Amino acid sequence: MELLNTLVDKGLRRELPTREEALAVLATSDDELLDVVAAAGKVRRQWFGRRVKLNYLVNLKSGLCPEDCSYCSQRLGSKAEILKYTWLKPDDASKAAAAGVAGGAKRVCLVASGRGPTDKDVDRVSETISAIKEQNEGVEVCACLGLLSDGQAGRLREAGADAYNHNLNTSEATYGDICTTHDFSDRVSTVQQAQAAGMSACSGLIAGMGESDADLVDVVFALRELDPDSVPVNFLIPFEGTPLAKEWNLTPQRALRILAMVRFVCPDIEVRLAGGREVHLRSLQPLALHLVNSIFLGDYLTSEGQAGKDDLAMIADAGFEVEGTDTTTLPEHRRQGCGEAAAEESDGAEGDTEDLAATVEAPSDATRRDLVSVRRRGAGTDLPPNA
């Protein structure tokens, strides 16, 4: 396909595709899927080789959020039967993080429900960051605490936070359809505050909420304009008890096309396969590794992922390798001021194409409620975490 040749050439030059080209990727057929994955895989290997960065989530405070984000099981008015607890103590959070690090995670993501942190909350998280860094040499820490107030980004950076996550989630035009308690510009402002404080910005999207192809392209182009170092791609987990519980709009094939589109628009940015991969990609998860260079290990905030050992086996079986703490994730040209700890580059990037294995046909029924599993282990429980 001429489209794919053009997109590969642009990706290798770090040149932004047009909106029409990005839309065309989403419009490709299932017959063309492996060609799309192979093309985007060339771009992925050019900038990241065959390395996969592992990230581990620690939910510091779960549930009872005053915001009304329709996709979220922790939202105001949610009837989802999730774990609900107040702030973990720094030592407990550090122990939870250590499980992820032991499983191979290079970055620990500290997340708390709520509109945004109070100054006392920032103090609490700062203590947690210090505890994690003291006990885990070389680990990166990313905070995700909601909308930031003046000065809070700087305080988190001083405490040792390497990165801050705040997702845009969907296009500006449709943001009001999923949330009314804050707007798109609030989220953009928080990402910019994190960048101004010297933290690496992490900001992504949620696919599968009923959005159009144009909405998906719009949010990815908005992200590219913000220029984060990491773009997590989440696929909606339709929790019972939330307004979007009946939204089952994704097939494994569409999920792969979305990831390929993101890679073409963000060729040299860390693209992270995040929540919902088990629900929507299912048996095609290994193919996604040809598109993304980062995944979450084990469980998520309020849902359970596949076993951490299965994540590691999947990476090895697909011919990829876990990225170590002695390796810098981003290409050299993106490292200035990104907040990522300095380290030596290990393996060189590869630019050649390789044949992809044949895929297993996905189930015909896209509604797989059996795969939506509420987290009942790890942080906030007495059971060991999944890592």
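1. Serine 94 and glutamine 135 are joined through their side chains by a polar contact of 3.0 Å. A polar contact is a pair of N or O atoms within 3.5 Å; within protein, one must be able to donate a hydrogen and the other to accept it, and residues adjacent in sequence count only if both atoms are side-chain atoms. This is a predicted model, in which local features need pLDDT of at least 70 and side-chain atom pairs count only at pLDDT 80 or more, while totals for chains, interfaces and linings use all residues. Residues are numbered from 1 along each chain as its sequence is written, and side-chain values use heavy atoms, with hydrogens and water left out.

2. Serine 94 sits in helix α4. Helices (H or I, at least four residues) and strands (E, at least two) are DSSP runs, numbered from the N terminus. Serine 94 counts as buried because its relative accessibility is 0%. Buried means under 20% relative accessible area, exposed over 50%, partly exposed in between (1.4 Å probe, protein chains only). Beyond neighbours within four places in sequence, serine 94 is in contact (heavy atoms within 4.5 Å) with Ala131, Ile132 and Gln135.

3. Arginine 75 belongs to the loop between β1 (51-61) and α4 (90-102). Does it count as buried or exposed, and what is the nearest side chain of opposite charge? Arginine 75 is buried and has no salt bridge; aspartate 68 is that nearest side chain, 4.7 Å away. A salt bridge needs a side-chain nitrogen of Lys or Arg within 4 Å of a carboxyl oxygen of Asp or Glu. Lys and Arg count as positive and Asp and Glu as negative; His and the chain ends are not counted.

4. The largest nonpolar core has 100 residues; Val58, Leu156, Phe235 and Phe264 touch the most other members. Such a core is a set of buried Ala, Val, Leu, Ile, Met, Phe, Trp, Tyr and Cys residues joined through side-chain atoms within 4.5 Å. Helix α10 (residues 252-265) gives the largest share of this core, nine residues. Not counting residues up to four places away in sequence, the partners of phenylalanine 264 include Leu4, Val25 and Val43.

5. Helix α3 (residues 33-48) has 16 residues, so at 1.5 Å a residue it should span 22 Å; its end C-alpha atoms are 22 Å apart, which agrees. The expected span is 1.5 Å times one less than the number of residues. Its buried residues include Val36, Arg44 and Trp47. Among the elements covering them are α1 (2-12) and α10. Glycine 49 follows α3, with a positive phi near 55°.
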